[in-house]
Amino acid sequence: MDFEDLFDEDVVNRGYGYFMEGRVMNFKMTDKLITAQVLGTHKYDVEIHISHNHIVDMECNCYYGDKCKHMAAVLSYFDEHYSGNITLDSELNKYKKEIDHTIQYFSDRDGFISFHQARNFIGNIQNIISYDVGTLMDNRDYLEAFELTAYIFDRIYNVDMDDSVGGKIEIAEECVSIWKEIIDAADERTKDKMYQWLENYIETSCSDFNGYVEEILDEYFW
């Protein structure tokens, strides 16, 4: 399991050292939770929360608290004894879950977003685009930025809502604008991935958003 990127290199090394010294005790795992104790200056309790085979949160009661060597020690123990049966949740998946949760929050029990909720809903999606996609763009994570905006583009079209305010079109146009920025800055691998997704969208979707996708394909790929 690749967890090293979550921690500073020194923390990974110290955590692995703790594991090798046999300091990880009382290791227990269910489908939703890993718990263990790690012997350091004191005995520290570590919890690692799992959802759908991904690690989504970690806690330790040491003074450091966040991404500490005790967590790294427990993950090293897991890696050695269970050899990759679960994986870490990526930032991209977390962003996608944020989209899903936003849709669910503004929907009624029948899954419909009313006129009175629509403007706030669209505003929240725009904030996500501004912050989450903006962060990916600032970090030059262009493929992830495209994958997130493509996810938003597809999800927004399929949301059941009163769109009298034209919010879906606003979101679609924002996504297209970002796609153009990505194409201007990205490498060929990213552009190839984009082309594959856009072509597949045209071939498999009969939506009012097809025109936006065709615009990108016409301007940059066809």
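## Asn26 and strand β1

Asn26 sits in strand β1, residues 24-29; helices (H or I, at least four residues) and strands (E, at least two) are DSSP runs, numbered from the N terminus. The model is predicted: local features need pLDDT of at least 70, side-chain atom pairs count only at pLDDT 80 or more, and totals for chains, interfaces and linings use all residues. Residues are numbered from 1 along each chain as its sequence is written, and side-chain values use heavy atoms, with hydrogens and water left out.

Although Asn26 is not a glycine, its phi is positive, about 55°. Most residues other than glycine have a negative phi. Asn26 counts as partly exposed because its relative accessibility is 48%; buried means under 20% relative accessible area, exposed over 50%, and partly exposed in between (1.4 Å probe, protein chains only).

## Leu33 and strand β2

Leu33 belongs to strand β2, residues 33-39. With 25% relative accessibility, Leu33 is partly exposed. Not counting residues up to four places away in sequence, Leu33 touches Lys28, Glu47, Ile48, His49 and Ile50, where contact means heavy atoms within 4.5 Å. Leu33 and Val12 are 21 residues apart along the chain, and their C-alpha atoms are separated by 21 Å.

## Packing of α3 and α4

Two packed helices are described by the angle between their axes and the distance between the axes. Here, axes are lines fitted to C-alpha atoms, for helices over the stretch in contact, and angles run from 0 to 180 degrees between N-to-C directions. The axes of α3 and α4 come within 10 Å and cross at roughly 170°. That makes α3 roughly antiparallel to α4; angles over 145 degrees count as roughly antiparallel, under 35 as roughly parallel, 65 to 115 as roughly perpendicular and the rest as oblique.

On the α3 side, the contact involves Tyr95, Glu98, Ile99, Thr102, Ile103 and Phe106; among the α4 residues they meet are Phe121, Ile125 and Asp132. By class, this contact has 8 nonpolar, 5 polar and 2 charged residues. Ala, Val, Leu, Ile, Met, Phe, Trp, Tyr, Cys and Pro count as nonpolar, Asp, Glu, Lys and Arg as charged, and the others, Gly among them, as polar.

## Packing of α4 and α5

Helix α4 (residues 115-138) and helix α5 (residues 142-158) have axes that come within 8 Å and cross at roughly 165°. That makes α4 roughly antiparallel to α5. Residues of α4 in this contact include Phe121, Ile125 and Ile129, while those of α5 include Leu148, Ile152 and Ile156. The contact of α4 with α5 has 11 nonpolar, 1 polar and 2 charged residues.

Arg140 lies in the loop between α4 and α5. Arg140 is not a glycine but has a positive phi of about 60°. At 65% relative accessibility, Arg140 is exposed.

## Nonpolar cores

A nonpolar core is a set of buried Ala, Val, Leu, Ile, Met, Phe, Trp, Tyr and Cys residues joined through side-chain atoms within 4.5 Å. The largest has 43 residues, and those with the most contacts inside it include Phe121, Ile125 and Trp179. Helix α4 supplies the largest share of this core, 9 residues. A second, separate core of 26 residues includes Val46, Ile48, Met58 and Cys60.

Leaving aside neighbours within four places in sequence, Phe121 is in contact with Thr102, Ile103, Phe106, Ile113, Ile156, Val159 and Met161.
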